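Dear colleague,

Please find below the structure for your files. My notes on it follow directly after.

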Amino acid sequence: MNELHIDKTHWKKYRFDEMVQNIAERVEPSQTDLDVYVGLEHIDPDCLHLSRHGHPSDVEGTKLRFYKGDIIFGRRRAYQRKTALATTDGICSAHAMVVRAKEDVVDPMFLPFLFHSKSFIDMAITISVGGLSPTINWKDIAKQEFLLPPKAEQKRLAELLWAADEVVEKEKREREKIEELYNYQIEDLFVGKKVTFGNCANINERTLSAKTPNDYMFHYIDIASIVSPKHLGPLTKYSFADAPSRARRIVKQNDIVLSLVRPYLKSFVQIKSNQNNLIASTGTAVVSAKSENSTDFLFHMLFSKAFMAFCENRMNGTNYPAITPADLADFQIPSYNYDEQLSIANKLNAIDNTIEQLECQIIKSQEVKQEIINQIF
């Protein structure tokens, strides 16, 4: 992206408490007639829009009151970059800070983007206090100074920023529509004859033996390697002697590696690489399609609501809720012959490829928006 070449000659520094009012109105959830609760879990990083919320009846303990137009800033773990603009009245987590623009100094539509700038986040991290959950105190942020343009220029820049934001949001809405189509296509399959997953696939059929030479080298897939349901992150190379787990499940091209721990998080990946010597960790299921079955078809079935519901019913354990390979084998999927599976998988692959292309475009648009924010602030 080209430089905006912003002339900041006539810009002026203001303390944070000169720019905003700290809204510290306390509310007991059980004593309010408001019906919107916003926790930090409801705020997406680098997104000013609230797409979801809870209800005051879901929570206990004193919360903060916010009003339409206020800014909800996640002062706890500020590095998570969680700030949103309230579009209604409600209450929010006390781990947030509610602020309101002082309109004689800063345009309310310009101010929210400050919170997503690199300079603001770097400052917020620096002044946070505490070890496990670093948090910002009002007295510390109140005295921080920020450079602001004259009000007329703020309005012009705000229009630019919101235009960039709308590009991202429009692409997100398009992605959501395609995702709805994908989900509908899968759910529509679960209406006829069923067959067990184990009837269509082998699960953990190949493992290294204890007699494997200690100098045998392999790349190790743990759940942290799965950065999305389609992609692996960097893998660590180990010798047999130095491996972190005695369970060594052999993974071949086109296999599916699925986390048995918290499978509802969709921690699984289809291995498209022909890289040799891939070994998966304990807590995974390595799935290989049996003859006359499509790996792509089986992979898409794991994205179904039926699979998520199945996992919720079968999981055992508190700290690490998990299903077993036997549970996975019992999961019932739609029964189709090989040609039908291929046809279905090809249609779902096409939709999935469109979603992935939109994801890439959203990332690019977000990068452009972020560059504009950082140049201004």
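Please bear in mind that this is a predicted model. Lysine 118 is exposed, because its relative accessible area of 52% is over the 50% cut-off. Aspartate 122, at 34% relative accessibility, counts as partly exposed.

In total, the structure holds 19 salt bridges. A further one joins the side chains of glutamate 153 and arginine 156, at 3.4 Å from N to O. Both residues belong to helix 4 and are 3 residues apart, about one turn of the helix. Arginine 156 is partly exposed, with a relative accessible area of 49%.

Which parts of the chain does the salt bridge between aspartate 255 and arginine 206 tie together? Its N to O distance is 2.4 Å. Aspartate 255 lies in the loop between strand 17 (249-251) and strand 18 (256-259), and arginine 206 lies in the loop between strand 12 (201-203) and strand 13 (217-221), so the pair ties together parts that are 49 residues apart in sequence. Aspartate 255 is buried, at a relative accessible area of 4%, whereas arginine 206 counts as partly exposed at 21%. Salt bridges also link Arg175, Glu179 and Glu359 in a network.

A search of the whole structure finds 21 aromatic pairs.

A second pair consists of phenylalanine 190 and phenylalanine 331; it is tilted, with 6.4 Å centre to centre and 35° between the planes. Phenylalanine 190 sits in the loop between helix 4 (151-187) and strand 11 (194-196), and phenylalanine 331 sits in the loop between helix 8 (325-330) and strand 22 (332-334), so this pair ties together parts that are 141 residues apart in sequence. Both phenylalanine 190 and phenylalanine 331 are buried.

Phenylalanine 16 and phenylalanine 146 also belong to one aromatic cluster, together with Phe73, Phe115, Phe120 and Trp138.

What is the relative accessible area of phenylalanine 120? The value is 0%, and phenylalanine 120 is therefore buried. Leaving aside neighbours within four places in sequence, phenylalanine 120 is in contact with Phe16, Phe73, Leu114, Phe115, Ile141 and Phe146. Phenylalanine 120 and phenylalanine 146 are 26 residues apart along the chain, and their C-alpha atoms are separated by 8.8 Å.

Two arginines are placed over aromatic rings. Arginine 65 lies over the face of tyrosine 67, at 3.9 Å from the ring centre. The charged end of arginine 248 sits over the ring of phenylalanine 240, 4.0 Å from its centre.

An open sheet of 4 strands has the order 3-5-8-4, and its pairing is mixed. Strand 3 (26-27) and strand 4 (37-38) stand at the edges, each with a single partner strand, so one side of each has no neighbour in the sheet. Strand 3 runs antiparallel to strand 5 (residues 63-66), and 2 bridges join them. Arginine 26 has leucine 64 in strand 5 as its bridge partner.

With kind regards

Terms used:
Residues numbered from 1 in each chain as written. Predicted model: local features only at pLDDT ≥ 70, side-chain atom pairs only at ≥ 80, totals over all residues. Heavy atoms only, no water. Phe/Tyr/Trp six-rings, centres within 6.5 Å; stacked < 30°, edge-to-face > 60°. Buried < 20%, exposed > 50% of the residue type's maximum accessible area, 1.4 Å probe, protein only. Lys NZ or Arg CZ within 6 Å of the ring centre and 35° of its normal. Pairing = 2+ DSSP bridges. Salt bridge = Lys/Arg side-chain N within 4 Å of Asp/Glu carboxyl O. Contact = heavy atoms within 4.5 Å.
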